[in-house]
Amino acid sequence: MERGQDSPEFETQAQAERIIGLLLRHMNDTAETLTYSPEHYEPLLMENPNNGDPIPMAGDWCCGYMKGVELDPQGWLPVTAGKPDWMSTILLYGTDDGWVVLKQKNLSPDEHKALALGLADSVRKIHAFWLEQRRPGAGAAAAPVGGSGPVRSAPKIGRNELCPCGSGKKYKRCHGSPERLH
């Protein structure tokens, strides 16, 4: 599973459900933080201890972000091409071409720290951009394909069914609660 290129292998169905549930909970928590209190968002980065002066290791996080972007590269063009400064650090640490540039630049530990610290601000800007695009009347990016509204690919979740985030709560008490829907 080097660099996220292979599908994960689970020992049991229960293990798969547990891990996927945890991933969904983390994804939902991140989305909620970015939507309702973006000032509190920080990416989770591993650190190199560096003899007591830790250096954030942005590579894995940026590679993961780019895996998401690569799911719909055309859809991401308004950001990747339209706002390249927002993506610069993510592209630097999250792509093979970026790593070539990093090796050429031979950055100091402090320069690596500064770039890693800027990731949160970039993600906040990108998230705010996409939220604005989803707002009614925001332009072509907000218009549904075919002009008929959203298409549901999965069956609707019933209020009394377990929430798909993996919390173990009923949907109406978790992500379907009125406090989370506004």
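The structure is a predicted model, in which local features need pLDDT of at least 70 and side-chain atom pairs count only at pLDDT 80 or more, while totals for chains, interfaces and linings use all residues. Residues are numbered from 1 along each chain as its sequence is written, and side-chain values use heavy atoms, leaving out hydrogens and water.

Leu-23 lies in helix H1, residues 13-36, and is exposed at 56% relative accessible area. Exposed means over 50%, buried under 20%, and partly exposed in between (1.4 Å probe, protein chains only).

Turning to the whole chain, eight helices and two strands are present, assigned as DSSP runs numbered from the N terminus (helices H or I, at least four residues; strands E, at least two). Their order along the sequence is α-β-β-α-α-α-α-α-α-α. Of the 182 residues, 25% are buried. The accessible surface amounts to about 12,900 Å², and carbon and sulfur atoms contribute 55% of that.

What lies inside? The largest nonpolar core has 22 residues, among which Trp-61, Tyr-65, Met-87, Ile-90 and Ile-126 touch the most other members. Such a core is a set of buried Ala, Val, Leu, Ile, Met, Phe, Trp, Tyr and Cys residues joined through side-chain atoms within 4.5 Å. Helices H2 (59-70), H4 (84-94) and H7 (119-134) each give two or more residues to this core. Beyond its neighbours within four places in sequence, Ile-126 contacts Tyr-65, Trp-76, Val-79, Trp-86, Met-87 and Ile-90, a contact being heavy atoms within 4.5 Å.

Helix H2 buries Gly-59, Trp-61, Cys-62, Cys-63, Tyr-65, Met-66 and Val-69. The buried residues of H2 pack against strand E2 (55-57), H3, H4, helix H5 (96-105) and H7.

Pro-78 belongs to helix H3, residues 77-80, and is partly exposed at 34% relative accessibility. Setting aside residues up to four places away in sequence, Pro-78 touches Lys-83, Phe-129 and Trp-130. The C-alpha atoms of Pro-78 and Phe-129 are 9.4 Å apart, although 51 residues separate them along the chain.

Key:
Areas by Shrake-Rupley, 256 points an atom, 1.4 Å probe, with all protein chains shown as cover.
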